[in-house]
Amino acid sequence: MSEETQGNYQQLNGIALAYMGDAIYEVFIRRHLIEAGLTKPTKLHHQATNYVSAKAQAALIDKMTQDAILTDTEQDYFHRGRNAKSYTHAKNTSVLTYRVSTGFEALFGYLYLSEQMDRLNWLAHWCIEQVESGSLVNED
């Protein structure tokens, strides 16, 4: 990443960070599912929803907060995404859940753009473990 691009994440709004974070998190999930042996498109999509839906992401960030695993800076970027004004929202979830999931995605965007790959990998794998354990609860 160029020096010019590297520092820009600090000025990006929450929606732009979430745009990047959504793609990054989805790549982790898709790789995980392919490595788990899923190859049929309909099955892949169905399983991916357990990880990448707004409800799942909101439940994951709630658990991160409960378990106090985010740094203060990571919390700030989550809040930047959560509080960002969006002109769209998911059809299958509440506005609040959608906003929280946008914050989740902004966090992943921040970690990627700030080149914190070890932390990004750790957090993505933590999320996968949480989904697979079945321990997530989210009221929508």
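Start with helix 2. At 1.5 Å a residue, its 22 residues should span 32 Å, and its end C-alpha atoms lie 31 Å apart, which agrees. Keep in mind that this is a predicted model.

**Zoom out to the whole chain.** Colour by secondary structure. Along the sequence the pattern reads α-α-α-α-α-α-α. Of the 140 residues in the chain, 41% are buried. Now think about contacts between residues at least 6 apart in sequence. Of these, 74% join residues at least 24 apart.

**Select helix 2, residues 14–35**. Which of its residues are buried? Show Gly14, Leu17, Ala18, Gly21, Ile24, Tyr25, Glu26, Phe28, Ile29, His32 and Leu33. Then look at what lies over them. The cover includes helix 3, helix 4, helix 5, helix 6 and helix 7.

An angle of 65 to 115 degrees counts as roughly perpendicular. Helix 2 and helix 6 are therefore roughly perpendicular to each other. Show the side chains where they meet. Helix 2 brings Gly14, Ile15, Leu17, Ala18, Met20, Gly21, Asp22, Ile24 and Tyr25. Helix 6 brings Thr102, Phe104, Glu105, Ala106, Phe108, Gly109, Tyr110, Tyr112 and Leu113. By class, this contact has 12 nonpolar, 4 polar and 2 charged residues.

**Move to the core.** The largest nonpolar core has 36 residues. Which of them have the most contacts inside it? Select Tyr25 and Met64. The elements giving two or more residues to this core are helix 2, helix 3 (41–52), helix 4 (54–66), helix 5 (72–82), helix 6 and helix 7 (117–133). Helix 6 gives the most, with 8 residues.

**Centre on Met64.** Set aside its neighbours within four places in sequence. Met64 then contacts Ile69, Leu70, Phe104, Leu107, Leu123, Trp126 and Cys127.

**Show helix 4 with helix 7.** Their axes come within 11 Å and cross at roughly 105 degrees. Helix 4 and helix 7 are therefore roughly perpendicular to each other. On the helix 4 side, pick Leu60, Lys63 and Met64. They meet Leu123, Trp126, Cys127, Gln130 and Val131 of helix 7. By class, the contact has 6 nonpolar, 1 polar and 1 charged residues.

**Stay in helix 4 and select Gln57**. Is Gln57 buried or exposed? Gln57 has a relative accessible area of 1%, so it is buried. Leave out residues up to four places away in sequence. Gln57 still touches Tyr25, Tyr51, Val52, Ser101, Phe104 and Glu105. You have met Tyr25 already, as one of the core residues with the most contacts.

**Finish in helix 5, at Tyr77**. Its relative accessibility is 8%, so Tyr77 counts as buried. Use the distance tool from Tyr77 to Tyr110. The two are 33 residues apart in sequence, with their C-alpha atoms 6.8 Å apart in space. Now show the contacts of Tyr77, leaving aside neighbours within four places in sequence. They are Tyr9, Gln10, Leu17, Gly103, Ala106 and Tyr110. Leu17, Ala106 and Tyr110 also take part in the contact of helix 2 with helix 6.

Conventions. Residues numbered from 1 in each chain as written. Predicted model: local features only at pLDDT ≥ 70, side-chain atom pairs only at ≥ 80, totals over all residues. Heavy atoms only, no water. Axes fitted to C-alpha atoms, helices over the stretch in contact; angles between N-to-C directions. Helix = DSSP H or I, 4+ residues; strand = E, 2+ residues; numbered from the N terminus. Parallel < 35°, antiparallel > 145°, perpendicular 65-115°, else oblique. Contact = heavy atoms within 4.5 Å. Nonpolar A, V, L, I, M, F, W, Y, C, P; charged D, E, K, R; others polar. Core = buried A, V, L, I, M, F, W, Y, C linked by side-chain atoms within 4.5 Å. Buried < 20%, exposed > 50% of the residue type's maximum accessible area, 1.4 Å probe, protein only. Expected span 1.5 Å × (residues − 1).
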